[in-house]
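Okay, everyone, thanks for coming.

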Amino acid sequence: MPRLSMQQRERAIGMLRAGLNRGEVARRLRCHRSTISRLSTREHETGTVADRPRPGQPRVTTQAQDRYIALQHTRDRFRTATQTARETPGNRRPRVSPNTIRRRLQQRGMHAQIPYRGPILTPIARRNRLRWAELHRRWRLMEWNTVLFSDESRFCIDRPDRRQHVWRRRGERFADACVRQGNRWGGASVMVWAGITARRRTPLVIVDGNLTAQRYVDHIIRPVLLPFLQANDDVTTFQQDNARAHSARLTQNFLRQNNVTVMEWPPYSPDLSPIEHLWDQLKTAVAERQPAPRNRPQLIQVLQEEWDRIPQNRIMRLVRSMRRRCTACCDARGGHTRY
């Protein structure tokens, strides 16, 4: 429970003097009744509601330094605590420690976190994203249900998980039981393509080699996309990103000749595509498979099985989030969103 500020303490004493009981004062200030009881006792004994002197060493930074420390890290969010400690003189010693800087920042509500890694959004990219989001933010669900969202993704057999921790003692860093062995580059990999709608999905297509425009047309659009669109009359719009194989003249001409309506898509916008979240869920499912795939054929088999196991309701929920994605992009003025 957060500590009461000086303003809240003075307000509590005022309410007590006005005749309110301690329980009512605690309810209004959203704190425990014992807090108000101790506050009243302290005011009666000392005549003040300030904290009593506490034992321990005095603070090595002044309040002005604390505000300046927070200001420095507000201006430069990637500034390190060690750098600030080197430049901050202390009251009783030449320098303060980095831990002191971290405590001062935590007292201001700032905590060190792993940063979100997003694409580079230039002013032109932000304008394009904002224009697209404003154009589609009022689309209803029935309109989004007519869109086939598509994308490619690469899966590796051994991709290191930076979030996994190991329990070890001092000096056991290089012990065999504490070392996670793996291929530095992820080992064998598989590139796949797929498309999703609110009610259906395409088969998972294995892409052999690099995805060129000719291979995209011959192995994905002609044998998979066109039959899917012909079999589902309610799917009228095809969505793809601006990868080189997608935006090539060969691909665009082939889609135009086959009367495929392609949705205009803003560059650098993976957060606006619901299938990106599906790739993350598929990678998690593959990583949790026991036994884990050991070679490329096993990885392909696991990918096919996990793709077929994804509930369609999960895909429907992702498609239903499109309006919220557009709204979030508009609120961010074309910047990064939580998606």
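So, start with β2 and β3: three bridges join them, and they run antiparallel. Trp193 has Val205 as its bridge partner in β3. Two strands pair if DSSP finds at least two bridges between them.

Quick housekeeping: this is a predicted model, where local features need pLDDT of at least 70 and side-chain atom pairs count only at pLDDT 80 or more, while totals for chains, interfaces and linings use all residues. Residues are numbered from 1 along each chain as its sequence is written, and side-chain values use heavy atoms, with hydrogens and water left out.

Back to the sheet. On the other pairing of β2, with β1, we get eight bridges in the antiparallel sense, and Phe155 sits opposite Val190 in β2. Then β1, residues 147-156, runs parallel to β4 with three bridges; Leu148 has Phe238 as its partner there.

Put together, that's an open sheet of four strands, ordered β3-β2-β1-β4, with mixed pairing. β3 (205-207) and β4 (237-239) are the edges, each with a single partner strand, so one side of each has no neighbour in the sheet. Neighbouring strands are turned by 25° against each other on average, direction ignored.

What packs on this sheet? Helix α13, residues 296-309, touches β1, β2 (189-196) and β3, and its direction makes about 20° with that of β2. Axes here are lines fitted to C-alpha atoms, for helices over the stretch in contact, and angles run from 0 to 180 degrees between N-to-C directions. Contact means heavy atoms within 4.5 Å.

And is β2 mostly covered or mostly open? Mostly covered: seven of its eight residues are buried, meaning under 20% relative accessible area, with exposed over 50% and partly exposed in between (1.4 Å probe, protein chains only).

Now the nonpolar cores, that is, sets of buried Ala, Val, Leu, Ile, Met, Phe, Trp, Tyr and Cys residues joined through side-chain atoms within 4.5 Å. The largest has 34 residues, and Trp279, Leu303 and Trp307 are among those with the most contacts inside it. Elements giving it two or more residues include β1, β2, α13 and α14. A second, separate core of 21 residues includes Met191 and Ile221.

Last stop, Arg317, in helix α14 (residues 312-320). Arg317 counts as exposed because its relative accessibility is 52%.
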